[in-house]
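Here are my notes on the model you asked me to look over. Keep the picture open while you read, and look up each piece as it comes along.

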Amino acid sequence: MRIFPLVEVKPEAMKLATERRRATLVLIAPALAVLLALNLFPIVYAVYISAHYWLLARPQPPRFAGLSNYQELFFDERFRNAVLVSLKFIGLAVGFELVFGFGLAFVFNAQVRGMATLRKVTLLPSLVMPLVVGLVWFYMFNENFGIVNWIWVMLGGTRVPFLTQGTLALLSIVATDVWQWTPFVMLVFFAALQALPEYVYEAARIDGLSGSQIFFRVTLPLLRPAILIVLIIRAVDALRSLELVFMMTKGGPAGDTEVLPWYLYTTGFMSLDLGYAAAMAVLMLALVTVLSQLFVRQLESREAIL
Amino acid sequence: MSIALIRKKGLKAGLSHPASAWPTGALRYLIAASFTGFCLFPFYVIVTTALKTETAIFAWPPAWNFKPTLQTFYNALFVFGGRSAVSYLINSVIISGVSTFLAVVLGAMAAYGFARFFFAGKRHLAFWILSTRFAPPVAFIVPIYLMVQKVGLLDSHIALIIIYTAMNLSLVIWILRGFFAEIPIEIEEAALVDGYSRLQIFWRVAVPLVRPGIVSTAILSAVFSWNEFLYATVLTQSRAATLPVYLAGFSNSMGLAWGEYMAVGTIAVLPILCFTFALQKHLVRGLTFGAVK
């Protein structure tokens, strides 16, 4: 705070400085304590657990295992499959969300009657409990009485087993995620478009750039930070999502929708093999840390003063 | 006048980026309206399925005209094989309410500290807190389960309350830090000259000034706590179980009790719908941690 020029007496200043230090501590310490206990400590603890044979069902104490849980992961076909399914899910879902969201942001970017209301309404999916999203799409994708099938049949198709056939099951979950998150992506791009300064466009027009030139040489480069930010946020959130799989397929058929979080969860709390689950968690945390660092970099470069 | 100032004034006068050239007129409305319809349709399905009788739920083709009944709501809340949703609803309200309160209080304090005081390592600390937002619950669930078990708090409200508080702290701190930083510093300097202590300034001067920010942050935290599934399902069984735990039980109903579960789903979604319109202004800012304003 720019306060010292106001104070001329030295002992006063000393007292203020002490008070300031104390206030900083009082303000920040509680939140910090909570985060240390429930974020930093669990990470360290997860590493510790992952170095043990730690079976929840057994009465014997956990036994030190060194790196053997990780070694086992390396040769685990199911783990490899889970990583692959997760990558497919993230790639497809986030890919569609970004493409649709980007296009729709331009559609909604206009000061015409009613557009603001429509934009507000599109926000609803991103706030709905993911389990309810899973429940309702599970119902709609049903082979025997689901609305999606009914529409498909109306269009001249035959009934489709959306959730019980491998590739289709994954695509159905992707579609559900796209329904929930495209509006959010759209709103981020919309806000970014709104923040673009008009004078840049005036300059571009004065320089005689055509419409498509303006898009590729002005708009797109200026939107790059927003694209990166939304890409990272969505990728991390898609990586950890397991509600849709829980509700709609339980990882089936035959592991075709067994995403990494689902495999981790079942290993830990159905097979009760906590050591092995913790090893997966540590690898996942490493990946998330890389992604979150990318995000932090993006943000840091935009924060002039902190 | 500096360019920044002109920009600021221009933005205030509504002279921001002009409307996109594409698409135009009717096509724009057509796309926007059908997308909105697509966003809303599943809500229609949730509510109508909850209001249908069992025959109508399993009808092919889907029953568009049906006689609505509230039987499913009654079943889900009061009968339903001794598994009433009422206690789950109460737990959800208590846990998301208390955890939101704690997250906002602790978060606002820290946010003010970050916005107004300088100390060594502040930048790193702030960005570390930001990075906790990315913590995937599924990667934390194993150590957290063992920690909660060791302190004997399995199936207790307090465990979920503390975990959700931690989960929402980064969000609260980062949004409110921006709000506090926007307060003109002269106001607080004047209070300091009037003899307020730093903490009094925080509580009596700064907090009232950022009330709109606090309200939207609180709503957002409440939504996240309300919706959280993984911690709830692993750490609670009955006494402290929340609505998502109830909904997770659908798979045990052999896919028959659609109506009852959609009724609980309606109850789980309704409060969110009510808040959303109030929230819209700050939501994108909140969900992207102020990266996009």
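1. **Ground rules.** This is a predicted model, where local features need pLDDT of at least 70 and side-chain atom pairs count only at pLDDT 80 or more, while totals for chains, interfaces and linings use all residues. Residues are numbered from 1 along each chain as its sequence is written, and chains are lettered from A and ligands numbered from 1 in the order in which they are written.

2. **Chain A as a whole.** The secondary structure here comes to 12 helices and two strands. Both kinds of element are DSSP runs numbered from the N terminus: helices are H or I with at least four residues, strands are E with at least two.

3. **Domains of chain A.** Chain A is divided into domain 1 (4–50) and domain 2 (75–302), with bounds that come from an automatic or database domain assignment. The C-alpha centres of these two domains of chain A lie 37 Å apart. Five residues of domain 1 of chain A are in contact with seven residues of domain 2 of chain A; contact means that the C-beta atoms, placed from the backbone, lie within 7 Å. On the domain 1 side of chain A, there are four nonpolar, one polar and no charged residues. For these classes, Ala, Val, Leu, Ile, Met, Phe, Trp, Tyr, Cys and Pro count as nonpolar, Asp, Glu, Lys and Arg as charged, and the others, Gly among them, as polar.

4. **Domains of chain B.** In chain B, the assignment gives domain 1 (27–69) and domain 2 (84–287), with C-alpha centres 32 Å apart. Seven residues of domain 1 of chain B touch seven residues of domain 2 of chain B. Which element gives the most to the domain 1 side of that contact in chain B? Helix 2 of chain B does, with four residues. By class, this domain 1 side of chain B has four nonpolar, one polar and two charged residues.

5. **Where the chains meet.** The contact between the chains takes 93 residues from chain A and 97 residues from chain B. Helix 1 (residues 10–50) of chain A gives the most to the chain A side, with 17 residues. The chain A side holds 75 nonpolar, 10 polar and eight charged residues.

6. **Helix 5 against helix 11 in chain B.** The axes of helix 5 (residues 86–116) and helix 11 (residues 211–227) of chain B come within 9 Å and cross at roughly 135°. Axes are lines fitted to C-alpha atoms, for helices over the stretch in contact, and angles run from 0 to 180 degrees between N-to-C directions. So helix 5 of chain B is oblique to helix 11 of chain B. Angles under 35 degrees count as roughly parallel, over 145 as roughly antiparallel, 65 to 115 as roughly perpendicular and the rest as oblique. The residues of this contact divide into eight nonpolar, seven polar and no charged.

7. **Helix 8 against helix 11 in chain B.** Helix 8 (residues 157–181) of chain B packs with helix 11 of chain B at about 155°, with axes 10 Å apart. The two helices of chain B are therefore roughly antiparallel. Their contact includes B:Leu171 of helix 8 and B:Phe224 of helix 11, and its residues divide into 10 nonpolar, five polar and no charged.

8. Most residues other than glycine have a negative phi, and most peptide bonds are trans. The bond from A:Gly252 to A:Pro253 is cis, with omega near -10°. A:Ala254 has a positive phi of about 50° although it is not a glycine, and A:Ala254 is in the loop between helix 10 and helix 11 of chain A. In chain B, the bond from B:Trp60 to B:Pro61 is cis too, with omega near -5°.

Notes: Two residues are in contact if their C-beta atoms, placed from the backbone, lie within 7 Å.
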